[in-house]
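Trainee: Could you take me through how to read helix packing and charged pairs in a model of this kind?

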Amino acid sequence: MTGPRPSAARGPVGAALVALGILLSRVFGLVRTRVVASAFGVESVAADAFAAALRIPNFLQNLFGEGVLSASFIPVYSGLLGENDEEGADRLAGAVFAILALLTAVLVLLGIVAAPFLVDVIAGGGFTGERRDLTIQLVRIIFPGTGLLVLSAWCLGILNSHRRFFLSYAAPVVWNAAIIAAILLGRGRTGSMEQLAVWAAWGVVAGSILQLLVQLPAVLALVRHFSMRVSRGSAALRTVVRNFLPAVLGRGVAQVSAYVDVMIAGNLPLGAVAALTYAQPIYLLPVSLFGMSISAAELPEMSREMRAGPDDGTPDEESAAALRQRLASGLRNVAFLVVPSAVALLLLGDVIAGAIYQTGRFDRDSSVYLWGILAGASVGLLATTMARLHVSAFYALRDARTPLRMALLRITVSVALGLTFAFAGPRLLGIDERWGVAGLTLASGIGGWVELAALRHALSQRLGKVEFRVAYVATLWLCAVLAGAAAWGVKIAAGVESLAPVPLAVLLLGTFSLVYGVTTLVAGVPESRALVRRVTRRVAGGNR
């Protein structure tokens, strides 16, 4: 045994570092998606093929990547670090790396061979002819690179457990940059969008290699007794393996839900798959910034607190009270930031989409199309973000099975409603069939609320009731709606066509943010007042 290793960040500081890393990677992700949208547009074979091809092998990354490691590996590894068992933690890290490397190698090989079958399954038979052939080609190129991203997620687990949050979440910047570079280089060297899509696929592979390499030096410096030996007698490894399958199944259910959406969208008019892909980085940004940052920073800390509890993961009264307090504080902070995000997507989605994508082949009509998808997603944005915190609490309790059951419930609701909204919805409303894709995000949002309700009920049985006042959330919604109304008024007065997309977005979102900040201050929202105090102190300190 040795003394504890130095830590870089705890609590709010760790969450801020995660948020900063995520923000950088998401900004580059939006730039990458903007470059893709400009190059391929929405209603083109290359747009749909690249969007689908990028999703199919990413199933492997998401299945065995960060979410699974957060459920099975990080709680056990962090617990060993909390006990100052450095050698045991390093042995566990090496064994998990060996298992992941073997699994991904086998699955990548199978993915390359079975690419035609995967395309047919994921696209639901909607891809035929040239679109299907190009998607198969792109999948076979991308799959090996995606396997490397699984190992990159292992690096993230190591770094997070040591409270080194920034690098792991900022690493995707190089992945996005490689794809952007490939498209920009390829545009002057290819004669068609289909050939350019091949360039973009090779950019995915290059980016995957870079994302792993930028993290390895820091990881190897922390894991000083690295060995890929798998010991069957390791109790820690048995715990990881025991939670691994439920975590894989839970993550798999979440991915199945996303791929069912793609399958359904593949049977809608041309461009639905690409539009859904373009919309996702926008509506997932608040989830990542405000949900993932807090849950990722809190998981190692909660796991260290729970390490002395009984084997069934039931915390003692003191630990349960501490966990309830963490959750209540996190939920208030999430609501303060996500509620206005949802209202902005609902009322200003066309402006946001236009500022990000409206260039080249992506025109004003495309921005309005994305607005419908974003409006549907806004319904479940708060529930989806809050659910992440509850899931992290279950992981800290070494329980990956309860989140699995709740994910199954969510996908059942989402798929049933999605099929109805996507196909029957447009006919009942008398609108174009392509708007069925907005029904998919609406259905997923409703499923998210069902999942959150079930998670909260199950967690209250383990920890007791976690305080979260309805009046507080209602106040936030009222303030956000007032801010949205003010921005909408400015939008009408200014005129959508009078300003370029980016200046218009700055004007309207600036108005929205100002009014939301003022109204929450007047309403006495504690998080708003705390934010003003922090900003005032920093400004005063900077002036000195």
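Predicted model: local features only at pLDDT ≥ 70, side-chain atom pairs only at ≥ 80, totals over all residues.

Trainee: At what angle do the axes of helix α13 and helix α17 cross?

Mentor: Axes are lines fitted to C-alpha atoms, for helices over the stretch in contact, and angles run from 0 to 180 degrees between N-to-C directions; helices are DSSP runs (H or I, at least four residues), numbered from the N terminus. Here the axes of α13 (residues 317–357) and α17 (residues 436–463) cross at roughly 150° and come within 10 Å, which means that α13 is roughly antiparallel to α17, a label for angles over 145 degrees.

Trainee: Which residues in α13 and α17 meet?

Mentor: With contact taken as heavy atoms within 4.5 Å, A320, L323, R324, L327 and L331 in α13 meet R456, L459 and L463 in α17. By class, this contact has 6 nonpolar, 2 charged and no polar residues, where Ala, Val, Leu, Ile, Met, Phe, Trp, Tyr, Cys and Pro count as nonpolar, Asp, Glu, Lys and Arg as charged, and the others, Gly among them, as polar.

Trainee: How many salt bridges does the structure hold?

Mentor: Side chains of opposite charge can pair when their charged atoms come close. The structure holds 10 salt bridges, each being a side-chain nitrogen of Lys or Arg within 4 Å of a carboxyl oxygen of Asp or Glu. One of them joins E87 and R91, with the closest N and O atoms 3.9 Å apart; both residues lie in helix α4 (residues 86–113), 4 residues apart, about one turn of the helix.

Trainee: Which salt bridge links distant parts of the chain?

Mentor: The side chains of E527 and R332 meet in a salt bridge at 3.3 Å, N to O, and this pair links E527 in helix α20 (residues 526–543) with R332 in α13, 195 residues apart.

Trainee: Is E527 buried or exposed?

Mentor: E527 is buried, with a relative accessible area of 11%, whereas R332 is partly exposed at 30%; buried means under 20%, exposed over 50%, and partly exposed in between (1.4 Å probe, protein chains only).

Key
Residues numbered from 1 in each chain as written. Heavy atoms only, no water. Helix = DSSP H or I, 4+ residues; strand = E, 2+ residues; numbered from the N terminus. Parallel < 35°, antiparallel > 145°, perpendicular 65-115°, else oblique.
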